[in-house]
Number of protein chains: 2
Amino acid sequence: MTPTHDNRWVTSVTLSPPSLGDNTADADRLEAALNKALGTRSVHMDPELLKQLPERLRAWNYRVTAVLFKDSGGAGILVHLTAADATDTLCGLAVDLGTTRVVLRIIDLLSGEHLGEAVFDNPQTAVGPDVLTRIHHVETPGGMDQLNRLIVEGINNHTQKLCSRCGISAETIHLVSIAGNTAMTHLLMGLNPRWMIRDPYIPVVNRPGVVKTAELGIGAHPAARALIFPNAGSYFGGDLIAGILYCDMDLREETAILVDVGTNAEVVLGNRNWMVACAGAAGPALEGGVTRMGTTAGPGVIDRIGIDPCSMAIDIHTIGDQPPRGICGSGVIDLAAALFRSSMIDIRGKFVPERCGDRLATQNGLAHLTIVPASQSATGKNLGITQADLDSLIRSKAAMYTILETITGSVGMQQHELGTFFVAGTFGAYIDPQSAITIGMIPDLPRDRYHSLGNSSLGGASRVLEDSRCFDRVNRIRDGITYMELNVNQDFMNRFSAAKFLPHTDTARFPSVAVPAGDCQSI
Amino acid sequence: MTPTHDNRWVTSVTLSPPSLGDNTADADRLEAALNKALGTRSVHMDPELLKQLPERLRAWNYRVTAVLFKDSGGAGILVHLTAADATDTLCGLAVDLGTTRVVLRIIDLLSGEHLGEAVFDNPQTAVGPDVLTRIHHVETPGGMDQLNRLIVEGINNHTQKLCSRCGISAETIHLVSIAGNTAMTHLLMGLNPRWMIRDPYIPVVNRPGVVKTAELGIGAHPAARALIFPNAGSYFGGDLIAGILYCDMDLREETAILVDVGTNAEVVLGNRNWMVACAGAAGPALEGGVTRMGTTAGPGVIDRIGIDPCSMAIDIHTIGDQPPRGICGSGVIDLAAALFRSSMIDIRGKFVPERCGDRLATQNGLAHLTIVPASQSATGKNLGITQADLDSLIRSKAAMYTILETITGSVGMQQHELGTFFVAGTFGAYIDPQSAITIGMIPDLPRDRYHSLGNSSLGGASRVLEDSRCFDRVNRIRDGITYMELNVNQDFMNRFSAAKFLPHTDTARFPSVAVPAGDCQSI
């Protein structure tokens, strides 16, 4: 869906000037013209805008350019008004409100052009790295305000800098679009998320809708409005809704699946007619699972690992080709796949001492395999993986596979019927599908069915600012999702147990994965 | 239409508590319950209310009482929330925003009971007594702010006092309803009315709708909302819309007419299917006419005058039976009718010296008839009427009659077909229809067709707070009015000239008015 000019949030209209025969008031005249041009039923105007309206309409000769949000009910909100022949820059700000990192993007509302981007660590990390720690922090005196202030100030500081870089003022930002998980969204809005982590896990709000940026404390034009993406529950946030919008799952005839492995693992399966979703954090099996693998991606972090099954030589790639200082999630998956292919671990994921050789040692009572010796690492310490890390990875990949099996099974689909498999997030951007298939984390589909979406949360937030038709899709997507609580019953646990092998106890599910024979010839 | 409990703005709902099987967020759960109970499509909640919602819903065991406004589009605004078993007083404030006087009324939103009323002079009178002076004042530096501050502070001070008298706090006021003429409404909202008095007479806004009282600066509950009555143009204000609502013209099968003689003379004719309106101020013939007659009603002001056509003795009645200090509008009409019946003035409204006798004198070159000699008046001066006053009254009554003739004629009606003739305002409350008929100001209808509405602006503003169905009627009434610019053409001027006689050149139109024969026997 390529946005055309007609689908921008900026509209120019010419009003017929008032006369004795048509003495409609200024505001009502403007509203009628906008209703006619945009199909709205009503257009809200702020008091400040009303006050300036008469002089402006007359100075502009009744030819105006309007920036306004509207919903499917036909209710418009006039956010900004300027002369039709003015050359003002009219901007939007898309925000990917991540638990770990926040990404900002400035968008020209008229052309849809991306003017600039900024990334920064979520300043709430100072309070705690994960959602749970932060939610617990709201119980401490002033904790709620502190968390709210940290993120609002973070967004404001970085928006200011980004605007300077783009050569614009923050006052040119009229529309804002914010996609984040449910907890981050609540903290930004100053809403206490405490009931989200207590049975039965209830957010304060599912559909925050459009709010004044001034009410959020976000520095933009004083009359600017923000669309805050809705959530489908405590564990299925606006970032995922943005992802669905970004990959157009809600418009597709064919059923697709979208997997986002960020702080949690969230999965949605569907097409233009239906969508089912579930989130990994809801299943106890995943707790501390997928989420804690490896180091955050960055310069010097190992993102690709290969092992020659004959020489057992380890080949690593680091981000930015810097000296290695850690292994990120995609690197850990690559490593496990390589260890399995070279028979250095068995189908249970346990080290095979006779294949590992000198690299295997015991550190603090734990079996540890060295990948980069201290002498070659940037940290001066051995970089490697312990049996405990591998056990955790096995649980994580088994949980992921079981969730995928459960969600497809819930609608009577076989995994091989999945036509398109979208992987979102930075994890999706770096993961090698072949490695993930080798360890049985994801189904053994033809590689071309896997599509990495990159930052689909930012992508979806941007789409709303580029194309007005996306506004209603956001709400339709949310309302159309059937959220499936992962029922961790005996059936789930049986599947989970079967998935705790490499690639699976049922190897027929992974025809492309050859079970290693333990020597280099068989590979 | 008697409001029933179902039509109050206060609704109690019980929410099903959340569970793992129904994890809808708190706000969305409340919205769904309200939508179901009230038929709304969506319910807006302020950020502050959202923040408090989770703890409150749980403390109140999911049983709540809500105060909310809603429109016909199904958009609700949640204004206040309390526990279902709370005994809080929930109040509304109805405001008749008059040019001369402002009336406040506190209404219990649950029972509809009127808890108290206050009247005060519009403090803008300090700037100028009439609308035009005040509109001109906005051109002086700070003039707009001054006028806005005067009325806002006036309302706040008197609301505070009224609340004290009623034994409530202003914070218990959640809904406000304001009916005033277009200029007064604009000044209250801080909207510059300058274009209202310049061709083609355009207000800033016709339908201000619902605004936050905090944005108006009106002291009530911080989340309170005000419905500001819409207008049908610069000269047909929300006070008249309130009057139409109050007399139920928009619900009646039978055609009625409503005449409001306040600062201007406004007339509306119609029934449930159609309404046409016009305003006297639009016609140059009325300028300074109806509006400037007599003294403002108050203690000591003469409101009734009779003259014995035989003895020529003048019988007066003063408000509060105080010593006389002036003659109010209704008194002037009574006086003119009595002078005409006793042949002290002729059919052109000119003094007849031989009938007036000693009472007639020349003061400052003007013929002056003494009603109360200086020795008996409270002011120590002669109270009476000059030929210029009478000439002015004749023009005013002729203008009023011509407007009535024009508006009925515009829909092909005869005046005698008018089933109900509502007279609004304090003028309507005091005027004696018999006297007004005698001078030919209003049509010669059976007296029982005349109904004085009293303060119909306050009445209409109150109705909206008492009965939620009235909210939509207000907008329907406005949209249903065809505003007729009084086209002062030759035809109008011919009618006007014919009406400048007592009661009319065509005496057949006033069969009940006997033309005086000049002696006491013939009366």
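Eight of the nine residues of helix 7 (residues 238-246) of chain A are buried, so this helix is largely enclosed by the rest of the structure. The model is predicted.

**Helix 7 of chain A**
- The buried members of helix 7 of chain A are A:Gly238, A:Asp239, A:Leu240, A:Ile241, A:Ala242, A:Gly243, A:Ile244 and A:Leu245.
- After helix 7 of chain A comes A:Asp248, which has a positive phi near 60 degrees.

**Domains and nonpolar core**
- The assignment for chain A gives domain 1 (5-83), domain 2 (91-228), domain 3 (256-288 + 394-458 + 469-509) and domain 4 (295-385 + 517-522).
- Taken over C-alpha atoms, the centres of domain 1 of chain A and domain 4 of chain A are separated by 63 Å.
- The largest nonpolar core holds 105 residues, and the members touching the most others are A:Ile178, A:Phe229, A:Phe236, B:Leu30 and B:Leu78.
- Helix 4 (residues 143-166) of chain A supplies the largest share of this core, with seven residues.
- Neighbours within four places in sequence aside, the contacts of A:Ile178 are A:Val95, A:Leu97, A:Leu188, A:Leu216, A:Ile218, A:Ala226, A:Leu227, A:Ile228 and A:Phe229.

**A buried lysine in chain B**
- B:Lys397 lies in helix 10 (residues 387-410) of chain B.
- B:Lys397 is buried but has no salt bridge, and the nearest side chain of opposite charge, that of B:Glu405, is 9.6 Å away.
- The side chain of B:Lys397 instead reaches the backbone oxygen of B:Ala499, at 2.6 Å.
- Beyond four places in sequence, B:Lys397 is in contact with B:Ile439, B:Gly440, B:Met441, B:Ala499, B:Phe501, B:Leu502 and B:Pro503.

**Salt bridges**
- Side chains of opposite charge can pair when their charged atoms come close.
- Over all chains, the count of salt bridges is 54.
- A:Asp22 and A:Arg29 form one of them, with their closest N and O atoms 3.1 Å apart.
- In this pair, A:Asp22 is partly exposed at a relative accessible area of 27%, whereas A:Arg29 is buried at 5% relative accessibility.
- A salt bridge also joins the side chains of A:Glu215 and B:Lys212 (3.7 Å, N to O).
- The pair crosses between chains, with A:Glu215 in helix 6 (residues 213-216) of chain A and B:Lys212 in strand 9 (residues 209-212) of chain B.
- A:Glu215 has a relative accessible area of 39% and is therefore partly exposed.
- In chain B, the side chains of B:Arg478 and B:Asp479 form a salt bridge at 3.0 Å, N to O.
- B:Arg478 is buried, with a relative accessible area of 16%, while B:Asp479 is partly exposed at 48% relative accessibility.
- A network of salt bridges links A:Glu405, A:Asp491, A:Arg495, A:Asp506 and A:Arg509.

**A buried asparagine in chain A**
- A:Asn35 belongs to helix 1 (residues 26-38) of chain A.
- The relative accessible area of A:Asn35 is 18%, so this residue counts as buried.
- A polar contact of 2.6 Å connects the side chains of A:Asn35 and A:Thr40.
- With residues up to four places away in sequence not counted, A:Asn35 touches A:Thr40, A:Arg41, A:Ser42 and A:Val43.

Technical notes:
Residues are numbered from 1 along each chain as its sequence is written. Chains are lettered from A and ligands numbered from 1 in the order in which they are written. This is a predicted model: local features need pLDDT of at least 70, side-chain atom pairs count only at pLDDT 80 or more; totals for chains, interfaces and linings use all residues. Side-chain values use heavy atoms; hydrogens and water are left out. Domain bounds come from an automatic or database domain assignment. A nonpolar core is a set of buried Ala, Val, Leu, Ile, Met, Phe, Trp, Tyr and Cys residues joined through side-chain atoms within 4.5 Å. Buried means under 20% relative accessible area, exposed over 50%, partly exposed in between (1.4 Å probe, protein chains only). Helices (H or I, at least four residues) and strands (E, at least two) are DSSP runs, numbered from the N terminus. Contact means heavy atoms within 4.5 Å. Lys and Arg count as positive and Asp and Glu as negative; His and the chain ends are not counted. A salt bridge is a side-chain nitrogen of Lys or Arg within 4 Å of a carboxyl oxygen of Asp or Glu. A polar contact is a pair of N or O atoms within 3.5 Å; within protein, one must be able to donate a hydrogen and the other to accept it, and residues adjacent in sequence count only if both atoms are side-chain atoms.
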